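Here is a short tour of one protein chain. Have the sequence and the 3D view open as you read.

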Amino acid sequence: MALDAGEQELLNQVIAYYHETLLASPEALVYLDRRGIASRELIERHRLGFANRTLGLRLPAGQVKAGAEIRGRLQKIGVLRQSGHEHFNGCLVVPVFDAAGNVTEVYGRKITEGVNPPLHLYLPGPHRGVWNEPALQASPEIILCEALIDAMTFWCAGYRNVTAAYGAEGFTDDLLAAMQRHDTRRVLIAFDRDDAGERGAEKVSDKLIAAGIECFRLQFPKGMDANEYARKVTPASRSLGI
């Protein structure tokens, strides 16, 4: 969904607020630590956030014209639902930025106990943008993960030449275009080692090979993803390197 300038600025401000909330949230920081991605550098560089139902308290009241207008815009963007509740309530929030520093996509991973599923949420509409796109500019070899948690796992282990699809079936035209734009030569597909991951990796490899990009499949133990493997076979910097 294309945003006008005011909506874009509003989305950027929400992500900045969620970032501040995470830094003051023991619950969110404990979750990151449990997943092995509690790096302060990661949190700051990629502006990770946490949605804990306090955003509405920072907005003008809905009965006030300004408040109604802002809430209406946030509903259009997808940050608020039509009910007025926060879409990402109870989620670790991972934004995706463009080259100008504007938010193009938001991923939410539910971490709060008792919050209704699904566990994985995004803004409505097609996925836009590439997480950690500067890595594609810096390196001709890119690690492509199935999920952002996995990509952040590689990043924290010292492998900064990493990005992520939006799930096993979420390799986008934006991702392929960015790889072509930055002249990516080789992609290491680090999708989950399950049936969905295998199918997704095969589809991605077909697209990459057709685009003239060499690719290889990273083989985790059966049933594992990058984050689980890195937490079980430590240190992650060595195990992921191997």
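This is a predicted model: local features need pLDDT of at least 70, side-chain atom pairs count only at pLDDT 80 or more; totals for chains, interfaces and linings use all residues.

Just after the helix comes Gly 212, with a positive phi of about 80 degrees.

## The loop with His 46

Next, have a look at the loop between helix H3 (40-45) and strand S1 (49-51), where His 46 is found. His 46 counts as buried, at 8% relative accessibility. Its side chain makes a polar contact of 3.4 Å with the side chain of Trp 155. Leaving aside residues up to four places away in sequence, His 46 touches Trp 155 along with Pro 95, Phe 97, Trp 131 and Asn 132.

Arg 47 sits in the loop between H3 and S1 too. Arg 47 is partly exposed, with a relative accessible area of 33%, and has a positive phi of about 55 degrees although it is not a glycine.

Asn 132, one of the residues touched by His 46, belongs to the loop between strand S4 (120-122) and helix H5 (134-138). Asn 132 is buried, at 12% relative accessibility, and its phi is positive as well, near 60 degrees.

For a backbone feature of another kind, go to Thr 234 and Pro 235, which are joined by a cis peptide bond with omega of about -5 degrees. Pro 235 lies in the loop between helix H9 (226-232) and helix H10 (236-241).

## Cysteines without partners

How many disulfides are there? The count is zero. For Cys 91, which is in no disulfide, the nearest cysteine sulfur is that of Cys 156, 19 Å away. Cys 91 is buried, with a relative accessible area of 0%.

Cys 145 is in no disulfide either, and the nearest cysteine sulfur to it is that of Cys 156, at 12 Å. Cys 145 is buried, with a relative accessible area of 0%.

How values were computed: Residues are numbered from 1 along each chain as its sequence is written. Side-chain values use heavy atoms; hydrogens and water are left out. A disulfide is a pair of cysteine sulfur atoms within 2.5 Å. Buried means under 20% relative accessible area, exposed over 50%, partly exposed in between (1.4 Å probe, protein chains only). Helices (H or I, at least four residues) and strands (E, at least two) are DSSP runs, numbered from the N terminus. A polar contact is a pair of N or O atoms within 3.5 Å; within protein, one must be able to donate a hydrogen and the other to accept it, and residues adjacent in sequence count only if both atoms are side-chain atoms. Contact means heavy atoms within 4.5 Å.
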